[in-house]
Amino acid sequence: METIATIPPVTLTDGAIEELKRLMGEAGFDRSQQLRIGVKGGGCSGMTYILGFDQPDANDMSFELGGIPCIMNKSHQLYLHGMEVDWQGGLNSRGFTFSNPNASKTCGCGTSFAV
């Protein structure tokens with residue numbers, strides 16, 4: 001059964017919301033998918049962030065950020081609570097960045113962390 005979070009476990013900056021809405025507005029985007037925010041094992045520091053569009057499943061909690069429907073595996077909240085996702089659109093660095101107060105160590109690429 002899906003859980004609906006009254007207080008979202010993560011936040012998106014205005015830049016991230018704008019970029020995600022742009023992606024969702026692309027031709028052929030599957031409107032049945034929601035933004036999945038999570039973690040998986042791997043990467044330089046032990047865990048890697050997940051950010052992509054996916055179908056919800058029974059282990060997910062759902063919430064909305066800036067009009068964007070989001071899902072997260074309930075067990076991932078432990079690692080991501082309080083995290084902020086931003087979008088960098090500059091020439092030197094382009095992509096989503098993660099600011100996670102729970103990370104004890106991060107790698108140079110910014111997508112891998114340890115707790």
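Strands (E, at least two residues) and helices (H or I, at least four) are DSSP runs, numbered from the N terminus. The model is predicted: local features need pLDDT of at least 70, side-chain atom pairs count only at pLDDT 80 or more, and totals for chains, interfaces and linings use all residues. Residues are numbered from 1 along each chain as its sequence is written, and side-chain values use heavy atoms, with hydrogens and water left out.

**View A. Glutamine 34 in strand E3**. Glutamine 34 has a relative accessible area of 17% and is therefore buried (under 20%, with a 1.4 Å probe and protein chains only). Its contacts (heavy atoms within 4.5 Å) include Gly52, Phe53, Asp54 and Pro56, not counting residues up to four places away in sequence.

**View B. The largest nonpolar core, of 23 residues**. Such a core is a set of buried Ala, Val, Leu, Ile, Met, Phe, Trp, Tyr and Cys residues joined through side-chain atoms within 4.5 Å. Among the residues that touch the most other members are Val10, Ile37 and Phe63. Helix H1 (14-24) is one of the elements that supply at least two residues; H1 gives the most, with four.

**View C. Surroundings of valine 10**. Not counting residues up to four places away in sequence, valine 10 touches Ile37, Phe63, Leu65, Met72, Leu80 and Met83.

**View D. The open sheet E2-E7-E8**. Its three strands show mixed pairing, where two strands pair if DSSP finds at least two bridges between them. E2 and E8 (94-99) are the edge strands, each pairing on one side only. E2 and E7 run parallel and are joined by three bridges; threonine 11 has glutamate 84 in E7 as its bridge partner.

Note on methods
Buried < 20%, exposed > 50% of the residue type's maximum accessible area, 1.4 Å probe, protein only.
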